[in-house]
Structures are given as structure tokens and as C-alpha cells.
Amino acid sequence: MDLMINEPFPGFNRPLEVLRTCHRRLLACLERLEHLHAHVPEHGADATAQAAAQRLLHYFYSAAPHHHADEYEDLFPRLKRLGDHPASHPQLPAWLDSLTADHEALERGWARLEPDLLDIAEGRPASLAGAPEWVARYRRHLSLKEQAVLPLAEHLLDADQCRAIGEAMARRRDIEIECRA
């Protein structure tokens with residue numbers, strides 16, 4: 001699990017692979033949250049639980065916001081503009097609308113989990129109520145992106161569009177990327 005969380009990113013010249021790497025990292029975080037949810041009732045907010053909660057908070061405070069912006073500010077708008085492309089899937093607009101609505105629900109779920117994670121990180125007991133449902137919803141969310149949206153994006157986006165997405169992703173992270181002609 002930690003291997004996926006610490007998996008190195010491909011270059012930003014391959015933005016769809018960066019998104020897939022983010023998804024694998026998110027899945028590892030969801031697995032960590034499931035383990036934490038099972039661990040806390042038996043062991044409380046012990047050192048293991050505290051460390052897990054701290055790692056989850058770090059990920060969702062630092063990397064997750066960038067990932068969401070990558071999709072909702074750069075990838076999804078470009079895909080929406082390609083909805084009538086002959087190679088597009090007729091469900092693409094509905095998928096993107098569903099993912100956007102789902103993101104709002106995931107944010108509300110995070111707002112409920114975050115205080116418990118903060119308590120556990122500080123050694124205070126907390127229930128993580130709603131964690132299993134949130135994890136299941138997040139997995140469905142990621143599955144739609146992985147199974148439908150990203151494969152379609154590979155076919156619809158040209159090299160210039162991918163380059164623009166990759167450059168935006170790098171800027172968001174204050175990373176300079178090498179321009180290739």
C-alpha cells in the first residue's frame with residue numbers, strides 16, 4: 001500500500017499517466033482509511049492509528065487538491081468541448097456531470113471525516129463514522145474515471161491538448177517542465 005502512495009509520478013508530458021498514478025495513490029489512501037477504521041475500535045488512537053491519520057491528512061491536504069484541479073479545471077472542460085467529436089462516447093457529458101456532482105458529495109463526506117482524522121492524529125479517539133460509505137463512493141468515482149473517461153481521453157485529446165494539460169498540472173505544483181519541440 002505505501003508503495004502505491006509513494007509511487008513516482010511519470011513526467012507531466014504524460015498527463016493522463018499522472019492522473020492514473022494519482023488514482024492509484026488515492027486507492028492506497030482509501031485502503032489505509034479502511035484499515036484505520038477497523039483498527040481504531042480495537043486499539044484506539046494508538047501510535048499506529050496516529051501515523052496513519054497523519055499520512056491521510058497530509059495526502060488529502062497536499063496532493064488531492066491538485067489532482068481535483070487537474071481534472072475539473074483542465075481535463076474535464078477539454079473533454080466537454082469534445083463531446084460531439086465523432087470518436088466520443090454519447091455518455092461522456094453525463095459521465096462528466098456525474099463525476100462533478102459526485103466530487104461535491106465526496107467533499108461533504110471528507111468534511112465529516114476530517115475532524116475524526118484530526119482527533120486520531122492527535123491521539124484522541126474518534127469513530128470515523130461514514131468512512132466505509134465514503135470509501136465505497138470514492139472507489140466508484142475512481143472506477144468511472146479509470147474505466148470510461150481516461151480511456152476516452154486518450155483517443156480524443158491530441159498532443160497539443162495533452163501538452164497544455166501537462167503544463168497546467170506542472171504550474172499548479174510550481175514545477176518547471178522542459179519544453180520539447
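A residue is termed buried when its relative accessible area is under 20%, exposed when it is over 50%, and partly exposed in between (1.4 Å probe, protein chains only). The structure is a predicted model, in which local features need pLDDT of at least 70 and side-chain atom pairs count only at pLDDT 80 or more, whereas totals for chains, interfaces and linings use all residues. Residues are numbered from 1 along each chain as its sequence is written, and side-chain values use heavy atoms, with hydrogens and water left out.

A105 counts as buried, at 11% relative accessibility. This alanine, A105, lies in helix α4 (residues 92–121); helices are DSSP runs of H or I with at least four residues, numbered from the N terminus. Between A105 and I175 there are 70 residues in sequence and a C-alpha to C-alpha distance of 30 Å.

Helix α5 comprises 26 residues (residues 131–156). From first C-alpha to last, α5 reaches 35 Å, close to the 38 Å expected at 1.5 Å a residue; the expected span is 1.5 Å times one less than the number of residues. A bend of about 35° occurs in α5 at E146, the bend being the angle between axes fitted to the seven residues ending at a residue and the seven starting there.

A disulfide is a covalent bond between the sulfur atoms of two cysteines, identified here as a pair of cysteine sulfur atoms within 2.5 Å. The structure holds zero disulfides. The closest cysteine sulfur to that of C22 belongs to C29 and is 11 Å away, which is too far for a bond. C22 is buried, with a relative accessible area of 2%, and C29 is buried, with a value of 1%.

Technical notes
Helix = DSSP H or I, 4+ residues; strand = E, 2+ residues; numbered from the N terminus.
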